[in-house]
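Morning, everyone. I'll take salt bridges first, then a surface patch. Here is the model.

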Amino acid sequence: MHKPPPTMGRVQTPLAYIAQRWTPSPAILRRAALSAVVMSVLIIVTGGAVRLTGSGLGCDTWPKCTDDSLFATPAQGLHGAIEFGNRLLTYVLSAAVGWAIIAVRSTKPRRRGLGRLAWTQFWIVCANAVIGGITVWAGLNPWSVAGHFLLATGLLTVATVTWVRTGEGDGAPRPRVPRPVRKLSWAIIGVTALLIVLGTSVTGSGKHAGDSSDVPRMPWDWTAAAHIHAVAAWVVCALAVAMWLVLRVVDAPDDTRARARDLLLVVLAQGVIGYVQYFTHVPEILVGVHMLGSALMWIAVVRLALSLRERPVVTVPSPDRPSDALAAA
């Protein structure tokens, strides 16, 4: 007697319906995850552009742009267009994250851990949209601006991990380098995270408040904050050099050594940009480039840490033919 498919007679979610009829190739899966990474970087950079052009209150309320209009109006001029354009990019970001969720859900066999990472991105986007609204309501309070940026960096973290994981299996992680090297990687992660947080203290006390009106600043001298930020940057640089050297000594895999090289190059470039912008009185264009460098540096840190271990492909028996094995690509 013919048995109906397990899903017959049950109401399917749209994701389950798509997954039943489409299986993305590994290349499509990785491109979908990479699109979320790219959009996460872009939303950080454009968010910085909003602040650097003084357009932070171009739309003076949220979720509407004005009390009477969902969209920017001609009366709001260029600042309104810039702020509203950044809000529209959130929808593009959401589409990229949505594509990643659909591609991950449609992968065969189903990868639930990868699915949780993809869905985490969605919830971070939702949370940060709310924080962005609170930031507008609070008149660009520097603490909420800092939180908005840090949560965007959190999204970039999860998106990067998802992207890397699409090229791995789902087995238990196995180290590729000795334990002290992995501890050095954790030190790099911790100090770089501190460096990014300290960067928000420089921004929050500096002159680029995001609007031409009297926006409050963090209660300390931005020059002192910049000096502390620079000390942390030098520590990250020293750790990056140490990692690059150590990986050569322990004869680490070529791809891991390449990740360490990438991090070192990004950190050095970021340091040069940071000093140039400080001594040229923080021009807007260099601040924007520095924000891009911050995102690229954090991606390099995460990729390096993940390259120190590997996850093998797990084979699971097919429910219809137990003797078969399917690769969890």
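Start at Asp-255: it is partly exposed, at 34% relative accessible area. Buried here means under 20% relative accessible area, exposed over 50%, partly exposed in between, with a 1.4 Å probe and protein chains only. This is a predicted model, where local features need pLDDT of at least 70, side-chain atom pairs count only at pLDDT 80 or more, and totals for chains, interfaces and linings use all residues. Residues are numbered from 1 along each chain as its sequence is written, and side-chain values use heavy atoms, with hydrogens and water left out.

Asp-255 pairs with Arg-176 in a salt bridge, 2.9 Å from N to O. The rule: a side-chain nitrogen of Lys or Arg within 4 Å of a carboxyl oxygen of Asp or Glu. Asp-255 sits in helix H8 (residues 254-279) and Arg-176 in the loop between S1 and helix H6 (179-205), so the pair ties together parts 79 residues apart in sequence. Helices (H or I, at least four residues) and strands (E, at least two) are DSSP runs, numbered from the N terminus. Arg-176 is partly exposed too, at 26%.

How many salt bridges does this rule give? The count is 10.

Next, a network. Salt bridges link Arg-111, Arg-165, Glu-168, Asp-170 and Arg-309. Within it, Arg-111 meets Asp-170, closest N and O atoms 2.9 Å apart. Arg-111 is buried, at 2%. Asp-170 is partly exposed, at 28%. Glu-168 bridges to Arg-165 at 3.5 Å between the closest N and O atoms. Glu-168 is buried at 14%, and Arg-165 is buried at 8%.
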